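Visitor: Hello! I am new to this structure and would like a close look at one part of it. Could you take me through the sheet and whatever lies against it?

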Amino acid sequence: MSLNKEEVLSSNLTPSDVSKKLSGGIKISKTDGFSFVETYLENAHVRIQVEPKDHGSELKISCDFKRYWITLTVITLLLIPIFLMIDWVMFREFTLSSITIPLIFLVGWHIMRSYDEKKKKEKIIKKLTKIIQR
């Protein structure tokens, strides 16, 4: 999944003041120092575009969870050979349950994906709002 729909936050502060507050409140991985900030929050790659609006500024926030889901999938798939080795050492045979448990994890995470991303997005928005309002 690529960058999701943008969320918009409004602020009474100027774009430069918003950028200063963001740099003081979160660890920034990339910025142009004025209108663009990239960071990692809640396992998401977060891009924040700060634009002047009327007597304040507007923050356009987009979150990308691709890295999180790829990592989770790879780790879960690595469980299959580990479970197979445990089966071989303990029972001297391979059983279907060795691959079933990690596959059930993958299916469950896929089912919960949109809910999980929605909750994490809410936390990100809440955290950014709190930082800007300080």
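Guide: Here is a walk through the sheet, its strands, the helix across it, the core and some charged pairs.

Please keep in mind that this is a predicted model. The sheet is an open one built from 5 strands, in the order β1-β5-β4-β3-β2, with antiparallel pairing. At its edges stand β1 (7–11) and β2 (28–31); each has a single partner strand, so one side of each is left without a neighbour in the sheet. On average, neighbouring strands here are turned by 25° against each other, direction ignored.

Strands β1 and β5 run antiparallel and are joined by 5 bridges. In this pairing, V8 stands opposite K60 of β5. Strand β5 itself is mostly covered, as 8 of its 9 residues are buried. Moving on, β5 is joined to β4 by 9 bridges, again antiparallel, and here V50 has L59 as its bridge partner in β5. After that, β4 (residues 44–53) pairs with β3 (residues 36–41) over 6 bridges in the antiparallel sense.

Most residues other than glycine have a negative phi. D54 is not a glycine, yet its phi is positive. Its place is the loop between β4 and β5, and D54 is exposed, with a relative accessible area of 74%. A second residue of this kind is R92, which is not a glycine either and has a positive phi of about 55°. R92 sits in the loop between α2 (66–91) and α3, where R92 is exposed at a relative accessible area of 58%.

Leaving out residues up to four places away in sequence, A44 touches T39, C63, D64, F65 and I124. As for I61, the C-alpha atoms of A44 and I61 are 12 Å apart in space, while the two residues are 17 apart in sequence.

Now for what lies against the sheet. Helix α3 (residues 97–133) lies across β1, β3, β4 and β5 (56–64), and runs at about 15° to β1. Not counting residues up to four places away in sequence, S98 touches I80, F83, L84 and D87.

In soluble globular proteins, nonpolar side chains tend to be buried together. The largest nonpolar core here has 21 residues, and those touching the most other members are L22, V46, I48, L59, I61 and L128. Two or more residues come from each of α1 (15–25), β3, β4, β5, α2 and α3. The most comes from α3, which gives 5 residues. To see one member up close, look at L128: apart from residues up to four places away in sequence, L128 touches L9, L22, I26, L41, I48 and I61.

Charged pairs complete the picture. Side chains of opposite charge can pair when their charged atoms come close. A search of the whole structure finds 6 salt bridges. One of them joins K121 and E7, whose closest N and O atoms are 3.9 Å apart. Since K121 lies in helix α3 and E7 in strand β1, the pair ties together parts that are 114 residues apart in sequence. K121 is buried, with a relative accessible area of 14%, whereas E7 counts as partly exposed at 29%.

Another salt bridge brings together the side chains of E38 and R47, at 3.5 Å from N to O. Here E38 counts as buried at 8% relative accessibility, while R47 is partly exposed, with a relative accessible area of 31%. A further one links the side chains of E117 and R113, at 3.3 Å from N to O. These two residues are 4 apart in helix α3, so they are separated by about one helical turn. E117 is buried, with a relative accessible area of 7%.

Key
Residues numbered from 1 in each chain as written. Predicted model: local features only at pLDDT ≥ 70, side-chain atom pairs only at ≥ 80, totals over all residues. Heavy atoms only, no water. Pairing = 2+ DSSP bridges. Axes fitted to C-alpha atoms, helices over the stretch in contact; angles between N-to-C directions. Contact = heavy atoms within 4.5 Å. Buried < 20%, exposed > 50% of the residue type's maximum accessible area, 1.4 Å probe, protein only. Core = buried A, V, L, I, M, F, W, Y, C linked by side-chain atoms within 4.5 Å. Salt bridge = Lys/Arg side-chain N within 4 Å of Asp/Glu carboxyl O.
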